[in-house]
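Open the model in your viewer and keep the selection panel at hand. The stops below go from the interface to the core.

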Amino acid sequence: MTWLQRIKDGILTKTIEKKETPDGLWAKCPSCKKAVQTKIVVESNYVCSCGYHYRIGSDLYFDLLFDNGQFEEHFSHLKARDVLSFTDLKAYHARLDATRKKTGLDDAMKVASGKTDGRPIVVACMDFKFIGGSMGSVVGEKIAKAVDLCLERKCALLIISRSGGARMMEAAFSLMQMAKTAAKLGQLDRAGLPYISLMTDPTTGGVSASYAMLGDFNLAEPNALIGFAGPRVIRETIKRDLPEGFQRSEFLIEKGFLDKIIDRRELKESLALFLEFMYPNASKATT
Amino acid sequence: MVFLDFEKPVADLYEQIEKLQVLAERKGVDVSDQVKSLEEQIESSRTKIYSELTRWQRVQLSRHPERPYTLYYLDQICEDFTELHGDRRYGDDKAIVAGFGKIDGESMMFIGHQKGTDAKSRQYRNFGMPNPEGYRKALRMMKIAEKFNKPVVCFIDTPGAYPGLDAEERGQAEAIARNLIEMSQLRVPIICIIIGEGASGGALGIGLGDRVLMLQNTWYSVISPESCSSILWRSWDFKETAAEQLKLTAEDMKGFGIVDQIVKEPSWGAHTEPLKMAQTIKRNIKKHLKELQTLSPEELVEKRIEKYSSIGAYA
């Protein structure tokens, strides 16, 4: 029993300690606070009946998007390197080791190929639980290689972003990944191949200011925080509160930066329509 | 003269000289020997300070209030500079200037961040923090340069893209992202020179090129040392440490292969001999342009993409 109860999540809550997907028999929705059977949450692709989208990771998106859950993962050999010997409150290499152990992930992105509604696709998906989904050299290189794979197979690329931005511990190297990924997407564009960007909660900083905003189609999940500067920085700059719904998907679509907001429960069907439009007619028949 | 905190010994010596001169005038005594000896002390004190500059001190130099900005350099190195305005969509950003001009008879397009030189003009230039229309103006000028086959020269000096409400509404992220993809594909040479602060996406938004040069006392990083301190150390007090950890100086960047050349500054910083700095910059633009003009547009784009594709540190 404590005297004071924290009503809002504090900014000091460590990111990696936040629970992102429910486990156990019952799940309490972070938005509507109702307890729902985990089984039901899972069946609705981790979307609560109130519409809240849980922050799921790459494995669940791959299961959701690829036909029969069949896919091949690529470039999983790429590992982050502490090239600057960066140390803040913790050494970067130690942070990497601890995060790998805790999450079972190698970095903040996984790339896989397979079929969606019969059409070949490469999906690069970010994992927020790996150091806030931050973009470092590995994320940049995986996107570069994913583009090369698309060029080789003449197929579509989908990048699912969920990231706080560039990874500070890789300093200028992570900044340069913005240039690198944009340059590679330019190659894909020149080859006339489809690129769809799906932004999920959150997509900010260097990720939104590079590949996430460069889709032939920019899509987003409902109520995702999407922006260049984070809300806290903006609040400190302008010294007043931000309007309700600012920098959310519904705000961005009104301002003209998104093509469509898609509920995860309809993601696959919707994606299939985009692919159908973008692919030459023959591509499904030959599969 | 404005002295930075680490230049205090030098500032003190200058003050002593001033006092001596006042005394000399009042009492009519000859102080030239003492002045000469103090000047020698200044020289050796400065030499010592500048030979062991920390990363944070370089950051301070890059922000020196007397440091020359884009328009100063353009005035010095350019014939007939004609400033051009507007993004044709929303407005004319004052934090990014653009226009065409000639260097030794050769036309090119110039784009650069611009800071103000006094309280009023600093506000007018939004402290060198562009809004989306700044990046869109820059892009418009680059496309014009491409159409008329003229090289592009970008001067980078920003504490960051403006993190404001309006900037977000008008798509700061999209504006920067668009510039990156377009600059990577532009069919004319692009030379970028970091003349002051190279803060994150705000710098990179006009900073992708065939050659990236950094003046000696500048920095380039994914985040400013202050913000990095506040996020990773949860306090504003670790900016010096953050600067060390971020390894953000010209020397660091050259070592990582992220920039192509360090441009030497006058002994005590660009602001102490701005004209000399301008001439050095001019010489370097000409040198790099000469090399780049031997390449076809296809080769140029291919090499540029290759260059950026190869940046990364992973196992």
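Start with the charges: between chain B and chain A there is one salt bridge. This is a predicted model, and every distance below is computed from it.

**Stop 1: the salt bridge.** Select K255(A) and E169(B). They form the bridge, with the closest N and O atoms 3.9 Å apart. The cut-off for a salt bridge is 4 Å.

**Stop 2: the polar contacts.** Stay on the interface of chain B and chain A. Here 13 residue pairs are in polar contact, both residues at pLDDT 80 or more.

**Stop 3: the chain B side.** Color chain B by secondary structure. Now pick α8(B). The largest share of this side, 10 residues, comes from α8(B). Color by residue class next. The side of chain B that touches chain A has 30 nonpolar, 12 polar and eight charged residues.

**Stop 4: the whole contact.** Select both sides together. Chain A contributes 57 residues and chain B 50 residues. About 4,700 Å² is buried between the two chains, and carbon and sulfur atoms give 72% of that area. Then highlight L165(B), E168(B) and Y314(B). In chain B, these residues lose the most area to chain A, together 14% of what that side buries.

**Stop 5: a serine in chain A.** Select S208(A), in helix α6 (residues 205-208) of chain A. Is S208(A) buried or exposed? S208(A) counts as buried because its relative accessibility is 0%. Show its side chain. A polar atom there lies 2.9 Å from the backbone oxygen of G205(A).

**Stop 6: the largest core.** Which residues touch the most other members of the largest nonpolar core? Of its 148 residues, they are L157(A), Y211(A), I111(B), V152(B) and Y220(B). Helix α5 (residues 171-190) of chain A gives the most to this core, with 10 residues. Apart from this core lies another, of 23 residues, including I77(B), L215(B), V263(B) and I281(B).

**Stop 7: one tyrosine.** Finish on Y211(A). Leave aside its neighbours within four places in sequence. Its contacts include M109(A), M126(A) and M135(A), along with V139(A), I143(A) and I159(A). Also among the contacts of Y211(A) are S161(A), T181(A), L185(A), Y195(A) and S197(A).

Methods
Residues are numbered from 1 along each chain as its sequence is written. Chains are lettered from A and ligands numbered from 1 in the order in which they are written. This is a predicted model: local features need pLDDT of at least 70, side-chain atom pairs count only at pLDDT 80 or more; totals for chains, interfaces and linings use all residues. Side-chain values use heavy atoms; hydrogens and water are left out. A nonpolar core is a set of buried Ala, Val, Leu, Ile, Met, Phe, Trp, Tyr and Cys residues joined through side-chain atoms within 4.5 Å. Buried means under 20% relative accessible area, exposed over 50%, partly exposed in between (1.4 Å probe, protein chains only). Helices (H or I, at least four residues) and strands (E, at least two) are DSSP runs, numbered from the N terminus. Contact means heavy atoms within 4.5 Å. Buried area is the accessible area (1.4 Å probe) that two parts lose on being put together, summed over both. A salt bridge is a side-chain nitrogen of Lys or Arg within 4 Å of a carboxyl oxygen of Asp or Glu. A polar contact is a pair of N or O atoms within 3.5 Å; within protein, one must be able to donate a hydrogen and the other to accept it, and residues adjacent in sequence count only if both atoms are side-chain atoms. Ala, Val, Leu, Ile, Met, Phe, Trp, Tyr, Cys and Pro count as nonpolar, Asp, Glu, Lys and Arg as charged, and the others, Gly among them, as polar.
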